[in-house]
Amino acid sequence: MFPPFPQEKAKKILEELIGSIEAGSVTIEQVARTSEERKNQGVMLGALVCTDKDGNEINLITNSGNAKKIILTANAPHDSRPTFQVVGSIVTAQQIEGALSENDAEIHSITSKLKTASYTDGTDSGSLSNEERERLGKLREKLCSESLEKVHALYKFHCIDGKVRALKEICAEYNHGKLPPTGTGDCCAPKLLDYAFAHELIPISLAETAYTAPSGRDSSTTEGVPLAVWSDSGSADSPTAKPDRPILNLIPPCDERCGILLPAMLGLRILWRDEAICVVNKQSGVLSVPGRGEDKQDCIESRFRRLFGQAVEIVQPATHRLDMETSGVMILAFTKAAHREMNRQFEAKEVEKEYIALLDGVLAKKGIAEHGTMELFFRLDIENRPHQIWDAENGKSAVTEWQILGVERYHAPDGSVRPATRVLFKPHTGRTHQLRLASADNHGFGVPIIGDTLYGHCDEGERLMLHAQKITFTHPVTGERMTIECEAEF
């Protein structure tokens, strides 16, 4: 995933950490057993620079996993003591072992039986029938799933909005309810952010790098052995190639695990960010900008300002909007100049957008061409806000290009299955509800988008199947033509 914060300040803290390791004022010790396959692996080290309520900078460091721990040496000279705080694991190895212990013996017993037993008709007392083998296999699978769920239940994360969310809750919203990979929550970024939000600190810089042990040392089994970072020009086989100062190869948070956790903890899924703009993947069901009333203040804009604080110069940083029920790519600006330039590009129709939609029916049955462009005219229905209605005389022009991608089987939340048409939309104008009307209105296709609460039908547990998957624009500072893409989850 894209690094959610600038990296430079945190990178300097990692450099300081390496210097402290070399000076002996920091060690990385083994605090739990390590599996054989991970025996000679190094660890990820991470640093997070935060500010407190008074504006003071606080530097946090940690390592990945929970089998190793960073230790600040007590006898280090005062003038060489590090200027950072060590953040521990959210869940310790001992807690995990405790969660696994209830089923551990039975799982190992079943595994041993399955490994030693031979396929027979079941008449020999020391063997297993096929039926018994199948039964034991299913029982082991059930016990393993129970144990994994107990481990996952240990993980809870402090988020930027002040809430503490369980891993299962996060997965329900950000991982389609699926259990995450083992080790989710043990990476550096969620550990550091969890500590920061638990202590009301504001993150301003985050960086991670990989560490491996020097040649001839097994850092995963020897306590107190410092780890070393090697540049591209050096290796464990050639220690003389090690530079005078370590060259850090910064690694962004991982997609597999952090890609699930960080959007929930930060409130935003960041696709791109620099000092001028930030591009996010807005989730369905969240407003782009604040609405009227206290219950409509949570939105992408407010989350953006909360996350980046004083780095955001403007009160309304969104450069365009997506409907609350629509997901996908959305651009926000940090600076007034960037916001002004992006607004100019949208008004001048220099920004190109693509959407994916799943329509509730088969368009070909209505004689609709595979590709084409339509112009419709709509205005606000003042007696039924926020609906838009057809008005050939007073309506505003809405021009939409479409490409039918194919027909597929849609599996509804209630278990039913029906045909649906996947369509690529390219709006040439930016009218309110333009694509929803192009689909549902009789002057357009006459087939609503699945999950459309305004112009179609939305079942319980369903969402609007409309996603802004691609945007192309000119960067407001560099002048570079950029394309940001984000695939739909449906």
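Contact here means that heavy atoms lie within 4.5 Å of one another.

## The overall picture

What you have on screen is a predicted model. The protein has nine helices and 18 strands. Of its 490 residues, 48% count as buried. Take the contacts with a separation of 6 or more: residues 24 or more positions apart account for 66% of them.

## Helix H3 and its cover

Helix H3 runs over residues 130-153, which makes 24 residues.

Which residues of H3 are buried? They are Arg133, Leu136, Leu143, Ser147, Val151 and His152. As for what lies over the buried residues of H3, the cover includes helix H2 (93-116) and H4.

## The largest pocket

The largest pocket has a volume of about 1900 Å³. How many residues line it? The count is 50, and those nearest the centre of the pocket are Arg321, Leu322, Asp323, Thr432 and His433. By type, the lining divides into 19 charged, 16 nonpolar and 15 polar residues.

Several helices and strands take part. Helices H7 (300-308), H8 (336-347) and H9, along with strands S12 (352-359), S16 and S17 (466-474), each supply at least two residues of the lining. Strand S12 gives the most, with four residues.

The peptide bond from Arg385 to Pro386 is cis, with omega near 0°. You'll find Pro386 in the loop between strand S13 (371-380) and strand S14 (388-390).

Two histidines have a positive phi. For His176 the angle is near 55°, and for His433 it is near 60°. Are they buried or exposed? His176 sits in the loop between helix H4 (167-174) and helix H5 (188-198), and it is exposed because its relative accessible area is 53%, with the line for exposed drawn at over 50%. His433 belongs to the loop between strand S16 (417-427) and helix H9 (434-440), and it counts as buried because its relative accessibility is 8%, where buried means under 20%. His433 also turned up among the residues nearest the centre of the largest pocket.

Gly430 is in the loop between S16 and H9. It is exposed, with a relative accessible area of 65%. Its C-alpha atom is separated by 9.3 Å from that of His320, though the two residues are 110 apart along the chain.

Pro427 is in strand S16 itself. It is buried, at 12% relative accessible area. Leaving aside neighbours within four places in sequence, Pro427 is in contact with Lys353, Tyr355, Val399, Thr400, Gln434 and Leu435. With Tyr355, 72 residues apart along the chain, the C-alpha separation is 8.3 Å.

## Two buried loop residues

Ser288 lies in the loop between strand S10 (277-282) and H7, and at 3% relative accessible area it is buried. What does its side chain reach at 2.7 Å? The partner is the backbone oxygen of Leu322, a residue listed among those nearest the centre of the largest pocket. Beyond its neighbours within four places in sequence, Ser288 is in contact with Lys282, Cys299, Ile300, Glu301, Arg321, Leu322 and Met330.

Thr326 is in the loop between H7 and strand S11 (327-333). It is buried, with a relative accessible area of 2%. Not counting residues up to four places away in sequence, Thr326 touches Lys282, Gln283, Ser284, Tyr355, Leu464, Leu466, His467 and Ala468. Take Gln283: it is 43 residues from Thr326 in sequence, and 7.4 Å from it in space, C-alpha to C-alpha.

Notes
Residues numbered from 1 in each chain as written. Predicted model: local features only at pLDDT ≥ 70, side-chain atom pairs only at ≥ 80, totals over all residues. Heavy atoms only, no water. Buried < 20%, exposed > 50% of the residue type's maximum accessible area, 1.4 Å probe, protein only. 1 Å grid on protein atoms, 1.4 Å probe; cavity = no way out; pocket = protein on both sides within 12 Å on 5 of 7 lines; lining within 4 Å. Points joined across faces, edges and corners; volume = space filled by probe spheres on them. Nonpolar A, V, L, I, M, F, W, Y, C, P; charged D, E, K, R; others polar. Polar contact = N/O pair within 3.5 Å; in protein donor to acceptor, adjacent residues only side chain to side chain. Expected span 1.5 Å × (residues − 1).
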